[in-house]
Amino acid sequence: MKRFVAGSQARGLISRGGGGYMSTAEMMARPGSTQGVMMNKQQSQQYYYWRSRMMSSVAEKSKEVVNGGGVEAIKEEEKKDKKNGDEEKGMVNSYWGLSRPSIKRPDGTDWPWNCFMPWDSYEADLSIDLTKHHVPKKFLDKVAYRTVKLLRIPTDLFFKRRYGCRAMMLETVAAVPGMVGGMLLHLRSLRKFQQSGGWIKALLEEAENERMHLMTMVELVQPKWYERLLVLTVQGVFFNGFFGVYLLSPKLAHRIVGYLEEEAIHSYTEYLKDIDSGAIENVPAPAIAIDYWKLPKDATLKDVIIVIRADEAHHRDVNHFAADIHFQGKELREAPAPLDYH
C-alpha cells in the first residue's frame, strides 16, 4: 500500500512537470522515509537530466545563431567592400563578365571617354575647298535649295548672332540624315540580299561625326532649358520629315543635306569672324575635342570651329556626290562609298 501511494505521488509529480515538487526534508518527514529518499534521488536525477538537456540545446541554438550571423555579417561586409572598390574603379559588375580593357592615351594617362575610342579620333583635313557650291539646275535641286533657305529664316530670327547656340541646334539636325539614310539602306540590303557598296558605313560615320560635334558644342555652350526643349521639338519634326522624304526620293534627301552642309560652313565662318573680332571669347578647347581631333593641348575654341567646319565641308561633298549618283539613274551601291571621309 505504501509503495502504491509513493508511486502515485512520483507519477503525479512528473506529470505536473515538477509543479508539485517537495523538498527532501518534507519527504523525510513522511512515513516510509526510506522509499521517499529513494524516490527523491530518482526524481532529482530525472530533473537534472532534462534540465541539462534543455540548457545544452538552447546553448547550441544560440551558438548556431551567433556563428551563422557572424558568417553572414562577414559575407555582407565583403560584398560591400568589393562593391565600393568596384565603384571607386568605375567598374560595373556583370554576370556576363564583360568589361572594357584598360586603354591609355599616348602620354600614358587613362583614356577618359566612353563615347568614342582612340581609334575613332583623327586629324581633320583642313585643305578641303570651303567655297564649292552646287548650282541648282534641275527641278529637284531647286526644291532642295529653296527648302534649306526657308529653314534658315526662323533660325536667323531666333538665334541671330549667338553662334554657339546656333551651332548646337545645327548639329542636332545634322546628325539625323546620316542615321536615317544608313538605317534605310541597311533594311534595303537585308530585304534585297544586296551589298551596300559601303554606303551604310559611310552614312553612319557621318552621323557619328555630327554627334561628336554636338557633344563638343554642349561642353562650350551649356544650353538652357528652353533651348533643350527647342532641340527636342526640332529633332522630332525633322527626323520624321526627312524619313518620309528619303523614302520618296533619296536624291532629293541627299541634295537637301548637301545644301544644309553649305549653310553650316557659312555659319561656322561667321562664328570664326566673331571670335577674331573679339565678340566671342576664344576660350580653351574642351578636353573631348582635343582627344577627338588630336588637337594640341593648348588648342582654343577657334581651333575647334576650324576642324568642325572642315568636317561639314566633307559631309557636303559626300551628300552632293550621293545625290549625283541618284540623278544619273544609278543606285548608291554601284559607286564605292567614300569611307573614312570626315
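Reader: So what does Glu-261 touch, not counting residues up to four places away in sequence?
Author: In this predicted model, Glu-261 touches Ala-174, Glu-206, Glu-210, Glu-312, His-315 and Arg-316.

Reader: And where's Glu-261 sitting?
Author: Glu-261 is in helix α8, which covers residues 250-277.

Reader: Which side chain of opposite charge is nearest to Glu-261, and how far away?
Author: That's Arg-316, at 8.4 Å. Glu-261 is buried, yet it has no salt bridge.

Reader: Okay, switching to annotations. Where does UniProt put the "binding site" feature?
Author: The UniProt entry, an unreviewed one, places it at Glu-171, Glu-210, His-213 and Glu-312. These positions span 142 residues in sequence, but no two of their C-alpha atoms are more than 10.1 Å apart, so they gather at one spot.

Reader: Which of that set shows up in the lining of the largest cavity?
Author: Glu-312 is part of that lining.

Reader: Tell me about Glu-312, then. Buried or exposed?
Author: Glu-312 counts as buried because its relative accessibility is 0%. Its place is in helix α10.

Reader: What about Glu-171, buried or exposed?
Author: Glu-171 has 0% relative accessibility, so it counts as buried. This residue is in helix α5, residues 163-192. With neighbours within four places again left out, its contacts are Glu-210, His-213, Leu-214, Met-217, Tyr-268, Ile-308 and Glu-312.

Reader: Last thing, confidence. What's the average pLDDT for the chain?
Author: The chain averages 79, and 72% of the residues score at least 70.

Reader: Where is confidence lowest, and where is it highest?
Author: Helix α2, residues 24-29, is lowest with a mean of 46, while helix α10, residues 301-327, is highest at 95. The pLDDT is below 50 over residues 13-29, a stretch with 16 contacts in the model beyond near neighbours in sequence. Residues 31-39 are also below 50, and that stretch has five such contacts.

Conventions
Residues numbered from 1 in each chain as written. Predicted model: local features only at pLDDT ≥ 70, side-chain atom pairs only at ≥ 80, totals over all residues. Heavy atoms only, no water. pLDDT = per-residue confidence, 0-100. Helix = DSSP H or I, 4+ residues; strand = E, 2+ residues; numbered from the N terminus. Contact = heavy atoms within 4.5 Å. Buried < 20%, exposed > 50% of the residue type's maximum accessible area, 1.4 Å probe, protein only. Lys, Arg positive; Asp, Glu negative; His and termini not counted. Salt bridge = Lys/Arg side-chain N within 4 Å of Asp/Glu carboxyl O. UniProt positions renumbered as here; feature names shortened; annotations may be inferred. 1 Å grid on protein atoms, 1.4 Å probe; cavity = no way out; pocket = protein on both sides within 12 Å on 5 of 7 lines; lining within 4 Å.
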